[in-house]
Amino acid sequence: MLTQEQYQQIKEELDNCKNPLYFFDDDPDGLSSFLLLYRYKREGHGIVVKTHPKLDIRSVPRLEDYKPDKVFVLDVANLEQDFIDNCPETIIWIDHHGPYEREDVKYFNPRLQKKDDNIPTTCMCYNVVKQDLWIAMLGCIADYHLPDFIDKFKKEYPDLMNNKKSVADIYFNTKLGELIRVFSFSLKGKTNEVMKNVKILTRIKSPYEILNQETPQGKFIFKRYQKMKKLYDELMEEAVKSNPKDKLLVFTYDDNKMSFTSDLANELLYKHPDKIILVGRKKDDDIRMSLRSTKTVIPQILEKALMGLEGYGGGHELACGASIKQRDFKEFVERMRESVN
Ligand SMILES: [Mn+2]
């Protein structure tokens with residue numbers, strides 16, 4: 001957790017600017033973080049960070065495009081010093097990965113105080129703005145975190161969570177869970193389509209506007225979600241066929257499909273909580289992967305398996321992302337299998 005003082009500092013930064021530029025991670029936690037700050041401030045612009053796994057000098061031209069007077073970086077694991085050095089404005093970096101050592105940035109990361117603190121960026125942003133409870137809850141559950149405002153949420157939106165208790169049950173068996181997938185899928189596809197979705201989401205008044213398709217905007221978001229969900233369900237149908245005897249479940253698919261690896265990995269883990277899940281998507285010469293587990297801590301195993309191979313990866317204790325050259329994939333999987341069994 002950040003301190004009340006830190007939340008107050010972030011709020012003051014937000015209150016004292018006119019044209020903020022927000023860079024946010026392309027998952028529901030990143031999107032929810034952006035929406036919370038933007039919908040409070042109602043000024044500025046948002047940019048989804050797709051240059052995984054980092055924000056670096058390649059994004060500096062965007063500063064010229066938007067001429068912000070302050071920059072917020074949300075839920076992005078790795079903000080490179082070369083970006084910071086080339087950004088004339090104050091940067092506020094709110095995140096829960098790492099932490100890393102950087103200079104000339106206002107870094108808000110609970111892990112600086114407590115190495116295993118995993119509070120989602122959404123949760124921190126909610127503590128700053130204290131509004132849009134449904135977006136706050138959505139982003140937290142998407143990152144497998146039960147926030148302390150859960151009772152308040154249940155009172156206000158009893159039908160979105162039923163009486164589900166565990167995070168996984170909420171994620172996969174409630175309307176809130178469906179909204180997580182709506183947010184996640186709205187970030188997939190071409191950049192201009194994604195930006196259109198994000199813009200609509202800044203104006204949506206309530207979760208029911210989407211779920212019940214109460215307005216043209218809500219309907220637009222929901223219809224697109226349904227279209228994407230068809231593609232997702234086809235992949236899921238394939239993925240559940242592979243049910244190995246050992247602890248590592250591997251599923252890969254081709255690059256002409258959308259990037260659903262993290263969504264697929266999450267759901268496969270729900271179906272097989274005793275396994276380590278590895279979902280990969282072929283993209284150019286690489287396999288882009290999402291890894292998940294309920295107990296086995298992944299980053300160290302991942303680092304060991306990548307040693308000497310052409311690839312990189314990292315993330316949280318139980319959820320990581322990685323990328324490796326296709327020619328090294330087989331060796332990588334063998335090493336992973338050896339480590340986890
Ligand atoms: Mn996050």
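Start with the contacts: among those in the chain with a separation of 6 or more, 57% are between residues 24 or more positions apart. Keep in mind that this is a predicted model.

As for what the chain is built from, there are 16 helices and twelve strands. Its radius of gyration is 20 Å, close to the 20 Å that the globule rule gives for 341 residues, so the chain is as compact as a globular protein of that length. Here are some whole-chain values side by side.

| Property of the chain | Value |
|---|---|
| Radius of gyration | 20 Å |
| Box filled by the C-alpha atoms, along the principal axes | roughly 55 × 45 × 35 Å |
| Buried share of the 341 residues | 40% |

Now for one helix pair. Two packed helices are described by the angle between their axes and the distance between the axes. Helix α2 covers residues 28-41 and helix α6 covers residues 133-142; their axes come within 8 Å and cross at roughly 160°. An angle over 145 degrees counts as roughly antiparallel, and α2 and α6 are therefore roughly antiparallel to each other. The crossing of the two is left-handed.

Which residues do the touching? On the α2 side they are Pro 28, Asp 29, Ser 32, Ser 33, Leu 35 and Leu 36. Across from them, α6 brings Ile 135, Ala 136, Leu 138, Gly 139 and Ala 142. Sorted by class, this contact of α2 with α6 has seven nonpolar residues, three polar ones and one charged one.

Definitions and conventions: Residues are numbered from 1 along each chain as its sequence is written. This is a predicted model: local features need pLDDT of at least 70, side-chain atom pairs count only at pLDDT 80 or more; totals for chains, interfaces and linings use all residues. Helices (H or I, at least four residues) and strands (E, at least two) are DSSP runs, numbered from the N terminus. The radius of gyration is taken over C-alpha atoms; the globule rule is 2.2 Å times the number of residues to the power 0.38. A residue is buried if 20 or more other C-beta atoms lie within 10 Å of its own, exposed if 12 or fewer, and partly exposed in between; C-beta atoms are placed from the backbone. Two residues are in contact if their C-beta atoms, placed from the backbone, lie within 7 Å. Axes are lines fitted to C-alpha atoms, for helices over the stretch in contact, and angles run from 0 to 180 degrees between N-to-C directions. Angles under 35 degrees count as roughly parallel, over 145 as roughly antiparallel, 65 to 115 as roughly perpendicular and the rest as oblique. A crossing is left-handed if the near helix is turned anticlockwise from the far one by less than a right angle, and right-handed if clockwise. Ala, Val, Leu, Ile, Met, Phe, Trp, Tyr, Cys and Pro count as nonpolar, Asp, Glu, Lys and Arg as charged, and the others, Gly among them, as polar.
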